[in-house]
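This report looks at ring pairs and at a sheet. Please view the sequence and the structure before reading on.

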Amino acid sequence: MSTLDPAVLAASLRRLGDLEEHDIATAVGEVIHAAVDLFQVDGSGLMIVDAQHDLRYVASSNRQSEVMERVQSTAGEGPCVAAFVTDGVVHTDDLNTDERWPLIREPFLRNGVVSVLGAPVRLGGAPVGTLDVFRNRPYAWSEAEAAALERYTDILESMLATALAAHQAGELAGQLQYALDYRVVIERAVGYLMAQRSTGPDEAFSLLRSTARNQRRKVADVAAHLLEHGTLPKPPA
């Protein structure tokens, strides 16, 4: 699909907006499955950041989508992780030739995930997760599709915000609140590492994440230490 009919998108957004009053898990599942038909893709999934600032699998339309999300969560890299870190739409048209994320390439291709489009899901203006769609063949994503996926995330953002305000988000509540509380500190630390080490945002975020994991600390704590002392914390002797 080279273009997405604006009228079809608008109708879908209106219909799915009515789901906000339902159980949050059911509503999110409906939005994820509806994206497959709307965008004419082979699968879709949602990841939300956790207290360690790792993106975690929340919902998927099929097994391939679940694999796509879980592999990126474990590897800490991929188009959906990049969409979260950069707070913008990220895509790959063909993982057979795209060398940006070597850790996810083989498992993605083995499971038929070849081209991916990911968009950040925000709360309070800050990214807290990603909505992702994929095709099982090479595909050149258009600017119109990227813009449409961003608009589609509005439904998820509205659902999550409503559920959080009404204390109906269950175990998601802690994840979402953590992301909102500490996103600015982590963003500043990523920017500091980018300048200090002349690296990109993905690599800087990965370094924060790996340091936190190795020391069994929260990413926000590592970020705060970096900003205060100018260096990443060293493991205890």
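**Aromatic pairs**

Three aromatic pairs turn up in a search of the whole structure. Rings of Phe, Tyr and Trp (its six-membered ring) pair if their centres lie within 6.5 Å; planes under 30 degrees apart count as stacked, over 60 as edge-to-face and the rest as tilted. One of the pairs is Phe39 with Tyr152, edge-to-face, with 5.6 Å centre to centre and 90° between the planes. Phe39 belongs to helix H2 (residues 24-39) and Tyr152 to helix H6 (residues 143-165), 113 residues apart. Both Phe39 and Tyr152 are buried (buried means under 20% relative accessible area, exposed over 50%, partly exposed in between, with a 1.4 Å probe and protein chains only).

Phe84 and Phe205 also form an edge-to-face pair, at 6.2 Å centre to centre and 70° between the planes. This pair links helix H4 (residues 79-86) to helix H8 (residues 201-215). Phe84 is buried, with a relative accessible area of 0%, and Phe205 is buried at 5%.

**Sheet**

An open sheet has five strands in the order E2-E1-E5-E4-E3, with antiparallel pairing. Two strands pair if DSSP finds at least two bridges between them; helices (H or I, at least four residues) and strands (E, at least two) are DSSP runs, numbered from the N terminus. Strands E2 (55-60) and E3 (90-92) are the edge strands. Strand E1 (residues 43-49) pairs with strand E5 (residues 126-135) over six bridges, and Leu46 has Leu131 in E5 as its bridge partner.

**Basis**

This is a predicted model: local features need pLDDT of at least 70, side-chain atom pairs count only at pLDDT 80 or more, and totals for chains, interfaces and linings use all residues. Residues are numbered from 1 along each chain as its sequence is written, and side-chain values use heavy atoms, leaving out hydrogens and water.
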